[in-house]
Amino acid sequence: MRGRLLNLSAVARAVGFALVAVAIVAATLHFRAAPSRWPDHTASPAAISDPRSDELRRCQVLAAQAKDDADCEAAWAESRRRFFTYQQPPNTTSPPAASAKSPDR
C-alpha cells in the first residue's frame with residue numbers, strides 16, 4: 001500500500017478549514033442580527049433638538065438639488081467649521097501650586 005489509510009496532516013487540514021468555515025458562518029449570523037440590539041443614535045434627544053441637524057437631514061434628502069440651495073451650503077459650512085475647529089476646553093481648575101522645597105534638602 002502506497003499511502004496510509006489515515007493521513008493525519010490531511011485530516012488536520014480539513015478540520016482546520018471546517019473550523020474556519022464555522023467561525024465565518026457564526027460571525028455572519030452574529031453581525032446580521034447585531035444592529036437590532038444597538039440603540040438608535042439617530043433618535044437621540046440632542047440630535048432632535050438641534051436645528052442644524054434638522055437642516056442637514058433636509059439637505060441630505062434633497063441630495064443633488066442641495067448644491068444649489070443656499071441654506072444647505074450655509075449648514076454644511078457651519079458643520080465643517082464646527083468639526084474642523086479645535087476649541088480648547090475651558091480651564092475650570094486652577095494650576096497646581098508649586099511645591100515648596102524644604103530648606104534641609
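**Exercise 1. A pair within one helix**

Task: Determine how Glu78 and Arg81 are placed relative to one another in helix H4, and why about one helical turn separates them.

Solution. Step 1: Glu78 and Arg81 are separated by about one helical turn because they stand three residues apart in helix H4. Helices (H or I, at least four residues) and strands (E, at least two) are DSSP runs, numbered from the N terminus.

Step 1: The side chains of this pair, Glu78 and Arg81, form a salt bridge with an N to O distance of 2.6 Å. A salt bridge is defined as a side-chain nitrogen of Lys or Arg within 4 Å of a carboxyl oxygen of Asp or Glu. In general, side chains of opposite charge can pair when their charged atoms come close.

Step 2: Glu78 is partly exposed at 22% relative accessibility, and Arg81 is partly exposed at 42%. Here buried means under 20% relative accessible area, exposed over 50%, and partly exposed in between (1.4 Å probe, protein chains only).

The model is predicted, so local features need pLDDT of at least 70 and side-chain atom pairs count only at pLDDT 80 or more, while totals for chains, interfaces and linings use all residues. Residues are numbered from 1 along each chain as its sequence is written, and side-chain values use heavy atoms, with hydrogens and water left out.

**Exercise 2. The chain as a whole**

Task: State how many helices and strands the protein chain has, and describe its surface.

Solution. Step 1: The protein chain has four helices and zero strands. Read from the N terminus, the order of elements is α-α-α-α.

Step 1: The accessible surface of the chain is about 9,900 Å², and carbon and sulfur atoms account for 63% of this surface. Accessible areas come from the Shrake-Rupley method with a 1.4 Å probe; for residues, only the protein chains shown count as cover.

Step 2: Of the 105 residues in the chain, 9% are buried.

**Exercise 3. A network of charges**

Task: Which residues are linked with Arg58 in a network of salt bridges?

Solution. Step 1: Arg58 and Glu55 form a salt bridge at 2.6 Å, N to O. Both residues lie in helix H3 (residues 51-62), three residues apart, about one turn of the helix.

Step 1: Asp69 and Arg58 form a salt bridge at 2.8 Å, N to O. This pair links distant parts of the chain, with Asp69 in the loop between H3 and helix H4 (70-84) and Arg58 in helix H3, 11 residues apart.

Step 2: Glu55, Arg58 and Asp69 are therefore linked in a network of salt bridges.

Step 3: Arg58 is partly exposed at 32% and Glu55 is partly exposed at 22%, whereas Asp69 is buried at 18%. Asp69 also caps the N-terminal end of H4, with a side-chain oxygen 3.2 Å from the backbone nitrogen of Asp71.

Step 4: A search of the whole structure gives four salt bridges.

**Exercise 4. A covalent link**

Task: Which residue does a disulfide join to Cys59, and is Cys59 buried or exposed?

Solution. Step 1: A disulfide is a covalent bond between the sulfur atoms of two cysteines. The criterion is a pair of cysteine sulfur atoms within 2.5 Å.

Step 1: The disulfide joins Cys59 to Cys72, with an S to S distance of 2.0 Å. Cys59 lies in helix H3 and Cys72 in helix H4, so the pair ties together parts that are 13 residues apart in sequence.

Step 2: The link of Cys59 and Cys72 is left-handed, with -100° about the S-S bond.

Step 3: Cys59 is buried, with 1% relative accessible area, and Cys72 is buried at 0%.

Key:
A polar contact is a pair of N or O atoms within 3.5 Å; within protein, one must be able to donate a hydrogen and the other to accept it, and residues adjacent in sequence count only if both atoms are side-chain atoms.
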